Amino acid sequence: MSNPADGRPMEAPAEAGVPATGARGDTLDETLNTVEHQISLFWRRARSVSQQLSRQVHPDMEPAAYGLLAVIRREGPIRLTDLAQNIGVGKPSVSRQIAFLESIGLVSKEADPLDGRAQAIRLTEKGEEKMHQVQDARRRDFRERLEEWPVEELQTLAEYMAKLNSIFDLDVLGKDSAARGGAARREGNTTR
């Protein structure tokens, strides 16, 4: 990072768990431990923020349901199976959350235009309005917290986070492929 005021590099605060340059040596294990610590800390804080955001949408909403709303808003009408795959959880968990969201009027199901037997889940007008309000507030919060960072550093952060997410996406895709492969083998439909 750099100090926006004078362009010189800034040391990360010691309480953030990032060692000052040269303070711990530069071994791979020490660096990975620091990365793991920072990701864990970020994940815990993100869970807390998600909890707060979900409560802003509805007082009884679980953070998982908020995550589903965000995906539905971003992707548009989506099948339950695709929604579950998108977030990397099982259909039963997603189905339970969708039933709750439907009961409070935030989502609805409609016939999938590509397959009349399937249903697509979409935000209702009320759901769109609530998500718009909450996500706008979230964006304002990000802007306030990060507006002092140079744009180049924000771009670098976004690139590294995308790179990190793509590594974890491979895990989700791998598990999904393995599950499909296992189902195909059980049905005697293996392909070579």
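This is a predicted model: local features need pLDDT of at least 70, side-chain atom pairs count only at pLDDT 80 or more; totals for chains, interfaces and linings use all residues.
## Overall make-up

The protein has 6 helices and 3 strands. Along the sequence they follow the pattern α-α-β-α-α-β-β-α-α. The chain holds 192 residues, and 21% of them count as buried.

The exposed surface comes to about 13800 Å². Carbon and sulfur atoms supply 53% of that area. Take the contacts between residues at least 6 apart in sequence: 44% of them join residues at least 24 apart.

## The sheet

Strands of a sheet pair through backbone hydrogen bonds, either parallel or antiparallel. Here, 3 strands form an open sheet, and the pairing is antiparallel. The order is β1-β3-β2. β1 (78-79) and β2 (107-112) stand at the edges. Each has a single partner strand, so one side of each is left without a neighbour in the sheet.

β2 and β3 form a hairpin, with 2 residues between them. Val107 has Leu123 of β3 as its bridge partner. Ala111 stands opposite Gln119, also in β3.

## A closer look at Glu110

Glu110 lies in strand β2.

Beyond residues up to four places away in sequence, Glu110 touches Pro77, Ala118, Gln119, Ala120 and Arg122. Ile121 is 11 residues from Glu110 in sequence. In space, the two are 6.5 Å apart, C-alpha to C-alpha.

## Where α1 meets α2

Two packed helices are described by the angle between their axes and the distance between the axes. Helix α1 spans residues 28-57, and helix α2 spans residues 63-75. Their axes come within 8 Å and cross at roughly 75°. That makes α1 roughly perpendicular to α2, because angles of 65 to 115 degrees count as such.

From α1, the contact uses Ser50, Gln51, Leu53, Ser54 and Val57. From α2, it uses Pro63, Tyr66 and Leu69. By class, the residues of this contact are 5 nonpolar, 3 polar and no charged.

## Where α2 meets α5

Helix α2 also meets helix α5, which spans residues 125-146. The axes of α2 and α5 come within 11 Å and cross at roughly 100°. α2 and α5 are therefore roughly perpendicular to each other.

On the α2 side, the residues are Tyr66, Leu69, Ala70 and Arg73. On the α5 side, they are Glu128, Met131, His132, Val134, Gln135, Arg138 and Arg139. This contact has 5 nonpolar, 2 polar and 4 charged residues. The contact of α1 with α2, by comparison, has no charged residues. Tyr66 and Leu69 of α2 take part in both contacts.

Conventions: Residues are numbered from 1 along each chain as its sequence is written. Side-chain values use heavy atoms; hydrogens and water are left out. Two strands pair if DSSP finds at least two bridges between them. Helices (H or I, at least four residues) and strands (E, at least two) are DSSP runs, numbered from the N terminus. Axes are lines fitted to C-alpha atoms, for helices over the stretch in contact, and angles run from 0 to 180 degrees between N-to-C directions. Angles under 35 degrees count as roughly parallel, over 145 as roughly antiparallel, 65 to 115 as roughly perpendicular and the rest as oblique. Contact means heavy atoms within 4.5 Å. Ala, Val, Leu, Ile, Met, Phe, Trp, Tyr, Cys and Pro count as nonpolar, Asp, Glu, Lys and Arg as charged, and the others, Gly among them, as polar. Buried means under 20% relative accessible area, exposed over 50%, partly exposed in between (1.4 Å probe, protein chains only). Accessible areas come from the Shrake-Rupley method with a 1.4 Å probe; for residues, only the protein chains shown count as cover.
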